[in-house]
Amino acid sequence: MSFRTPPAPAAAYVEDVAPGRGTLPPRAWYASSDAKPLSLNGSWRFRLSPAADAEDDAFAAPGYDAGHWAEVSVPGHWVLQGHGAPIYTNHLYPFPVDPPHVPTENPTGDHLRVFDLPADWPASGDAVLRFDGVESCARVWLNGTELGEFKGSRLPHEFAVGHLLEPAGNVLAVRVHQWSAGSYLEDQDQWWLPGIFRDVTLLHRPAGCAGDFFVHASYDHTTGRGTLRVDSDVEGRVTVPALGVDVATGESVTVPVEPWSAETPTLYDGVLATPGERVPLRIGFRTVVLADGLIRVNGRPVLFRGVNRHEWHPERGRALDPATMREDVLLMKRHNVNAVRTSHYPPHPAFLDLCDEYGLWVIDECDLETHGFTEQGWRDNPVDDDRWTPALLDRAARMVERDKNHPSVIFWSLGNEAGTGRGLTAMAEWIRGRDASRLVHYEGDATCRDTDVYARMYAFHEEVERIGRGLDGGPRKRRALPFLHCEYGHAMGNGPGGLADYQELYERYDRLQGGFVWEWIDHGIAHPELGFAYGGDFGEELHDSNFVCDGLLFPDRRPSPGLVEYAKVIEPVRIDGGAADGTVRITNRYDFAGLSHLEFECLHQVDGEVTATARLTVEPLAPGGSAEVELPPAPDGRGAEVQWTVRARLAEDTPWAERGHVVAWGQGTVARRAPAPAAAGVRPAADGGRITLGPAVFDARTGALRGIGGVDVTGLRLDVWRAPTDNDDGAPWQPDVRYGVLWRALGLHRMRHRLDAVEAGGDALTVRTRVAPAGRELGLATTYRWTSDGTRVRLAVSVVPEGDWTVPLPRLGIRFGLPRADRVRWFGGGPGEAYPDTRAASLLGRWEATVEELQTPYVRPQENGARADVRWAEIGGLRVEGEPEFWFTARRWTTEQLDAARHLTDLVPGDTVWVNLDHGQHGIGSQSCGPGPLPRYFLRAEPAEFSFVFAPSPG
Ligand code: GAL
């Protein structure tokens, strides 16, 4: 005999493809001046159960005693508050794919909150209960009455509740299921984090309140006039005092205005007054069109210098507070970012207020991704299955209705990586019908059937150039569209490389309207033992490791070198060497703004030390304009190196940065340094088991350096290994060769050093070696030739590859250990790290840092911290000069330890400081999800010679 218990009907809604039941129609998100909200954020009672129907709904009834339950903070995710654990997968669903079914093991959080109405809560009028975001499915009761249920995690849902409210003791009960049919539509590459993670608010709705309204504010660049019309469900008047506007809703008015743009975010304060309430408006006039194959705002094509932003906080996950949102916007503005794609869901609405206010172009993306279906050739993809279309339309409507009054939003995006299908077309048609004033974006359809732009992700430079030149072919519709690189420059670990090369293409070809770096911030989770945790750190059976840490900011929002590089690459003023010596060319690369908000200064430096500064006068330059500007005369360097640096700084405080903030800079070399005088003439002297050569002492048998001028030096020898970066390792699905993998397979991390000869003759000590990995015939014939003038010692290294080297080298240089070193001073590129294709922001000068400060804290440890173009450096009592310039790295652990570490907390400082002086470094690229380094950044295995002069240094 067998029994089969059908799923409890009470929880059937969890697997229902319908978006929900009982909610109000979506509408604009706004705060009214007189209808006060009551925030229900705070501490809620919480009970976690293992299945959707493990508990009955008795808890929703008034009088239920939840005194023994746990407590969680709302907004928040219970898995970040000690209940259950987060799961990270990129595109794989963390449950069997059998839509719309979800696992029986469905963590379900019952949330309970008892609240009183404030004493001044009006006796009349209605009330609305709003949830701004709940993952992934919620069922709601107020005072024992069931209100309904909803899905659509990052979208608002409202219920009418006025008839149920009591002055005191209201019981709000919310049952949240981690998995639901909605989860199939929310397969974004991020942590799965259930919970009520955005605000819960009770809104009083007076009789005659505004309800929904739509602000239409366009700008005619040919007349300089704006046209305003506010459509409102409830009639009323619209006033904009600064414009002298006072019109009825539904009526148009045209007046001279300053337009809104991301560079000049002029907002006009207005009021929509209906019989029941006054709603403050912030109106930005702008017109977005697709014309002549280009995205134009207010008549001009725009170049997007964008980022993809997920919402992230290392402790609170996607429950962001206003200060964090503001910090994101300020950091973006200070790093020259002008656009955000809200990957891959509408953000907290307050973020869009900030974009309006500070000025950022926004691609507002719908909460839709079904990427996991790619594993089955997109079979059963919900976006191509009519049963799901109501849910898709519901999501589109909730986004558009909520966000339609933001001038910053210029694109609606249908979602991300959801394949193709009728559902997407239905969404696009609905959106165009509702709001013809914005363009539609979606990346996943090569035909561009539903879009106004040809969007791609991670296209290689070569292809981007082909697209720019219109030689990419493709369907007819697509050929006429502008191109947006909606994701590129995968900022995972060290990198991304190649940003400057992309930017050059975007600026060269009109059709290329820029891109959005993937992504804004690492989603590392603060962890007591691991520092920042990533996929797999919570025992997930299926996960994608540190692919979740691929941002321009570290999880704690410190800018990574990638952001500093990006800020330089996209700077809105280009400053470079002029046609004649003693001049610079200054180009205005804003789309709308002049340069009057900037002041220009010139600094001259001799051997890296600034000797003179002067103001530069730059004539007013319209967008696109450029001028040749004369520099003050350069100082006579008397054989030393001379550089000019021109900086464009804010002339006044702005809302996002203070006066003096550097927006752009350029640097040029006037005189190159003279070669260091030869360090030769003294003969090596044998002394028992040692050989002395000027200040240096060697082991007579092995030729190994023992010390220089009283500073012990250990293990000096050729080094070709670097702890592979995420971009060296690449992503497994990459079709191209992944050098990080090949390097290891070849054994470059375990090179052996065979000693062939130690020759002390004439005025040199020569040590001949062969450096090669076990099991291979490849090798590097390496000769170290030491000479000295008595006070300094020079090492000339010569490397000749032997065998068939088909791979580039990770690095080529020497490494050695010093017993003591704290501070480093150097003349070269700085202040931050740089690699061959990430060096735009490296500024020549004199810099100083501790060994600790030289480390870049990539969440998964890997090669980092090199300083480029170093002429000389002082560390641990030694001064080293390079001929030619070198890459400098120092750390308190070996490369092998760095390579073995999984988290920063695995790196334990040892007694020795390991220094690498590199003749070459291989490029970084972006192969963790995109192209590897361009061939011109390869470090090819070729014969090489380089030298260093060492001398004892004070300090
Ligand atoms: C894209 C995707 C992003 C992210 C990125 C890799 O394919 O749209 O969500 O997964 O790749 O980090």
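Reader: How many residues line the largest pocket?
Author: This is a predicted model. P561, V564, P831, G832 and A841 lie nearest the centre of the largest pocket. They belong to its lining, which counts 41 residues.

Reader: Which element gives the most to that lining?
Author: Elements that give two or more residues are α8 (561–569), β42 (662–671), β54 (823–830) and β55 (843–850). One of them gives six residues, the most, and that is α8.

Reader: Into which classes does the lining of the largest pocket divide, and how many residues are nonpolar?
Author: The space in this pocket is about 850 Å³. Its lining has ten charged and twelve polar residues. The nonpolar residues number 19.

Reader: In β45, what is the bridge partner of R690?
Author: Strand β44 covers residues 690–693, and β45 covers residues 696–699. Four bridges join the two antiparallel strands. In β45, R690 has the partner D699.

Reader: At what angle do helices α3 and α4 pack?
Author: Helix α3 spans residues 389–403, and helix α4 spans residues 422–434. Their crossing is right-handed. The axes lie 9 Å apart, at an angle of about 35°.

Reader: How many nonpolar residues are in the contact of α3 with α4?
Author: On the α3 side, the contact includes L392, L393 and V400. On the α4 side, it includes L424, M427 and W430. Two residues of the contact are polar and two charged; the nonpolar ones number eleven.

Conventions:
Residues are numbered from 1 along each chain as its sequence is written. This is a predicted model: local features need pLDDT of at least 70, side-chain atom pairs count only at pLDDT 80 or more; totals for chains, interfaces and linings use all residues. Side-chain values use heavy atoms; hydrogens and water are left out. On a 1 Å grid over the protein atoms alone, a cavity is a set of points where a 1.4 Å probe fits but cannot get out, and a pocket is an open set with protein on both sides within 12 Å along at least five of seven lines; lining residues have an atom within 4 Å of a point. Grid points are joined across faces, edges and corners, and a volume is the space filled by probe spheres set on the points. Ala, Val, Leu, Ile, Met, Phe, Trp, Tyr, Cys and Pro count as nonpolar, Asp, Glu, Lys and Arg as charged, and the others, Gly among them, as polar. Two strands pair if DSSP finds at least two bridges between them. Axes are lines fitted to C-alpha atoms, for helices over the stretch in contact, and angles run from 0 to 180 degrees between N-to-C directions. A crossing is left-handed if the near helix is turned anticlockwise from the far one by less than a right angle, and right-handed if clockwise. Contact means heavy atoms within 4.5 Å.
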